[in-house]
Amino acid sequence: MTADRDHRWMSAALALGERGRGRTSPNPNVGCVIVADGRVVGRGWTGDGGRPHAEAVALEQAGAAARGATVYVTLEPCSHRSQRGPACADLLIAAGVTRVVVALGDPDARVDGAGLGRLREAGIQVVVGVRTEEARRSMAGFLTRQTLGRPFVTCKLAMSIDGCIAMASGESRWITGAEARAHAHLERSRHEAILVGRGTWEADRPALDVRLAGLEGRSPTRVVLSTRAGPPVASGSTQGDDVSWIGSPAEISALPGDHVLVEGGARTAAAFLRVDLVDRLLLYRAPVLIGGGLPGLADIGLATLGDAHGRWRRDDARALGVDLLEVYRRTRCSPVSSPT
């Protein structure tokens, strides 16, 4: 059936788009697959820094085979020309494709339906709404920036069964095992910025880099939250002392990029939760009991127990070696959903 094929090929396009997550700002991490006679003739995803666009990459790969083909793209093709490249809607029309399947419309005011309209005016069949929810999650960073004017925020906590992030002495290395720590480094590679509190920065001297083979170059920009005047002290890391610092969670709106990873500590995580600036939670739970250790969170400002309910929905749970990863997203009346 056509619907089944569309879902299958859109899944492939979404997987391609994920390759660019955290690298394509100010543009979305789009994926594109071009199919002719049941086989892929072109594929692409948005390049680092937002160019080239996924459709342009896929069309170049497909060449003449794109004529008469079906294009699967995770976001509405752009309709505006810029100094950085042509409009993707125009490229698709010129290539002679006959059908374009789109997961999600583009909320950017420069597009917002204009790309779909241009394709239809050219006689191309357009289908919209295939795997929409997955597309929203994949491009949550771009969508959050477009709709809320800030980056998408993930808060990561590594804790014991009883919710401690360290011994009472402050000892915290290592609560979780190697597999969980490797996954956390993969998450770092998908974010443009990584943020800790000044206390964590000065006490632990964290490098906040990506230490996975082949991904070292994808280390995010380091940011420190500090309510005290003056910049934080040097980290002592081998990567230099380049760091941005902000005075309140609200100042993340001025940070470049569409994804911020908040890694600690307990007061910093609570500060973001208190003002409802966390969109996604990553909880790494180790099978250990500490008892009397340092809690994973400080006060987040809830007045009653009832206020705690209905705010979070679990998206995923998986074993990472002996540890358990749980992924939660904030439930909001918003077009934005969290990535998994």
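These legends describe close-up views of a predicted model. Local features need pLDDT of at least 70 and side-chain atom pairs pLDDT 80 or more, while totals for chains, interfaces and linings use all residues. Residues are numbered from 1 along each chain as its sequence is written, and side-chain values use heavy atoms, without hydrogens and water.

**View A. The open sheet has 8 strands in mixed pairing.** The order is β10-β9-β8-β11-β6-β12-β15-β14. Strands are DSSP E runs of at least two residues, helices H or I runs of at least four, both numbered from the N terminus; two strands pair if DSSP finds at least two bridges between them. β10 (244-246) and β14 (312-320) are the edge strands, each with a single partner, so one side of each has no neighbour in the sheet.

**View B. Strands β6 (residues 152-159) and β11 (residues 259-264) pair in the parallel sense.** The pairing covers 4 bridges. Phe152 stands opposite His259 in β11.

**View C. His183 lies in helix α7.** His183 is buried (under 20% relative accessible area; exposed is over 50%, partly exposed in between; 1.4 Å probe, protein chains only), at 14%. Not counting residues up to four places away in sequence, His183 touches Tyr284, Arg318, Leu320 and Leu325, where contact means heavy atoms within 4.5 Å.

**View D. The largest pocket holds about 1400 Å³ of space.** A pocket is an open set of points on a 1 Å grid over the protein atoms alone, with protein on both sides within 12 Å along at least five of seven lines; lining residues have an atom within 4 Å of a point. The volume is the space filled by probe spheres set on the points, which are joined across faces, edges and corners. Of the 47 lining residues, Thr200, Asp204, Glu263, Gly264 and Gly265 are the closest to the centre. Helix α7 gives the most to the lining, with 7 residues.

Methods:
1 Å grid on protein atoms, 1.4 Å probe; cavity = no way out; pocket = protein on both sides within 12 Å on 5 of 7 lines; lining within 4 Å.
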